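Notebook open, model loaded. I'll jot down what I look up as I go.

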Amino acid sequence: MDRQQLQPLQGMTDLTAPEIALWQTLEEKARRLLDLYGFEEIRTPVLERTDVFTHSLGETTDVVSKEMYSFHDQGGREICLRPEGTAGVVRHVAGGGPEALESRLFYIGPMFRAEKPQAGRKRQFHQVGVEIFGPANPYADAECIALQAHLLAEWGLADCAVHVNTRGLPEDQKPVTDGLRDALRPHMNELCEDCRRRFDVNVLRTLDCKQPGCRTLVEALPEITSFMGEAARRHFGKVRDLLGPMGVTASVQPRLVRGFDYYIHTVWEITHTALGAQDALSGGGRYVIDFGKKAVEGVGFAIGMERIVAVLTAAGTAPAAHARPHGVWIISLGEEAVRENMVLARQLREKGVKCGMDLGMRGMKAQMRAANRSGAPWAVIRGADELAKSVCVLKDMKTGDQAELALTDLLTRLTAAG
Ligand code: HAM
């Protein structure tokens with residue numbers, strides 16, 4: 001394979017140290033906070049039946065129509081790499097007992113979308129997401145938005161903008177669709193080719209078209225809430241009233257509809273100016289997905305971890321990632337010493353001492369260099385002489401002082417030193 005072939009696929013990344021330490025810190029903080037809010041973790045499979053997503057997100061959405069990694073397995077079933085987390089979690093909840101319909105679940109993991117890669121847009125990316133099932137009311141929506149802001153603040157991202165809107169109830173969909181079509185019909189020729197198709201199949205999608213011509217037209221459209229009934233407006237008003245006292249400043253973004261068909265009522269996005277064109281750190285909303293057994297209603301959000309890492313890194317506020325230095329480096333002279341030292345290393349690690357050793361049978365000089373590189377304050381040296389005398393040499397790497405110790409004394413000394 002040439003250099004190019006040794007790279008991951010386009011839009012995918014190998015995550016390595018030291019950056020991975022930052023990811024772990026962020027994930028740990030998320031787990032701690034989500035536990036305080038009573039969430040439990042769920043790990044759904046990365047592969048699902050394709051119809052789990054086509055059915056939930058909607059056939060005409062960009063993700064389903066253009067971006068799914070979908071293929072047939074050996075049994076001829078159409079399966080795909082999950083493009084998002086909500087549909088799989090709802091599949092689980094729909095198949096579970098009544099307690100599942102009252103649960104609070106979170107997930108952390110990779111998602112896959114065959115998008116055109118660019119800054120902030122990957123083909124494999126990672127989300128931290130939450131879903132709340134049970135209370136179908138504005139209080140749950142407000143708690144979910146406030147939780148999201150709380151989590152971003154925990155990560156050191158207080159200066160984000162929260163945009164909210166409502167998609168209304170299922171019965172509002174027809175008046176909204178009719179209203180938008182009526183307003184757009186006189187401008188059909190000015191719409192981009194995609195939006196002319198969207199006009200018939202899913203006119204709501206024209207609201208998030210990125211083409212400048214369509215954006216200008218969309219800005220002049222009536223707000224979709226003007227086509228909605230009283231119940232939808234009341235729900236949305238309540239959510240907005242609840243946010244202020246919870247410390248969230250949210251601005252209403254009347255064109256925000258989000259990219260999936262499962263949304264009803266409240267939808268929101270949190271953006272950050274440091275991100276440029278792909279400025280959404282996270283998004284969420286209330287939704288209903290009906291897999292046939294029973295319709296499941298929930299509210300949730302997902303945060304894009306690559307974008308969080310990008311903002312923290314650009315701001316220089318990412319916590320510094322330092323690997324823990326070794327406590328001991330073990331040097332073995334000869335094969336018999338390697339064998340014995342592997343046992344010693346195991347004993348030290350069982351006692352919580354981070355230790356390393358060379359398995360390459362290299363000479364003393366090379367192993368001493370490795371010991372220096374490891375940053376360990378102590379080196380243990382054993383060769384045939386030490387084995388014959390049942391001792392080890394303990395070397396203080398700072399002063400260079402050496403002493404011969406019996407194995408039990410060595411273990412006591414190093415364990416005490418940590
Ligand atoms: P989404 O808006 O499609 O929503 O994705 C949520 C976040 O994932 C985005 O705001 C962004 O930060 C990140 N993201 C999405 N696509 C990419 C990409 N190609 N590269 C890098 N980051 C990306 C959902 O996925 C919904 N399931 C959220 C939800 C949960 N709604 C209700 N519950």
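Where is the place of Met 361? I find Met 361 in the loop between β13 (355–357) and α12 (364–374); helices (H or I, at least four residues) and strands (E, at least two) are DSSP runs, numbered from the N terminus.

Ground rules first. This is a predicted model, where local features need pLDDT of at least 70 and side-chain atom pairs count only at pLDDT 80 or more, while totals for chains, interfaces and linings use all residues. Residues are numbered from 1 along each chain as its sequence is written, and side-chain values use heavy atoms, with hydrogens and water left out.

I looked up phi for Met 361 and got a value near 55 degrees, positive in a residue other than glycine. Met 361 counts as partly exposed at 48% relative accessibility (buried is under 20% relative accessible area, exposed over 50%, partly exposed in between; 1.4 Å probe, protein chains only). Arg 258 also has a positive phi, near 65 degrees. Arg 258 sits in the loop between β8 and β9 and is buried, with a relative accessible area of 13%. I also noted a cis peptide bond between Ala 17 and Pro 18, omega about 0 degrees; Pro 18 is in the segment before α1 (19–36). For context, most residues other than glycine have a negative phi, and most peptide bonds are trans.

**Sheet.** I traced an open, mixed sheet of eight strands, in the order β1-β5-β6-β11-β10-β9-β7-β8 (two strands pair if DSSP finds at least two bridges between them). β1 (40–41) and β8 (250–252) are at the edges with a single partner strand each, so one side of each has no neighbour in the sheet. β10 (residues 280–290) and β11 (residues 295–304) run antiparallel and are joined by nine bridges. Ser 282 stands opposite Ile 303 in β11.

**Helix α7.** Which residues are buried in α7 (residues 193–201)? I get Cys 195, Arg 198 and Phe 199. Down the axis of α7, its buried residues fall within an arc of 110 degrees, so they line one face of the helix (the arc is that of the directions from the helix axis to the C-beta atoms). Exposed Glu 193 and Asp 200 are on the face of α7 turned away from that buried side. The buried residues of α7 pack against α3 (62–66), α6 (173–184) and α8 (212–219), with contact meaning heavy atoms within 4.5 Å.

**Whole chain.** I count 14 helices and 16 strands in the protein chain. Of its 418 residues, 46% count as buried.
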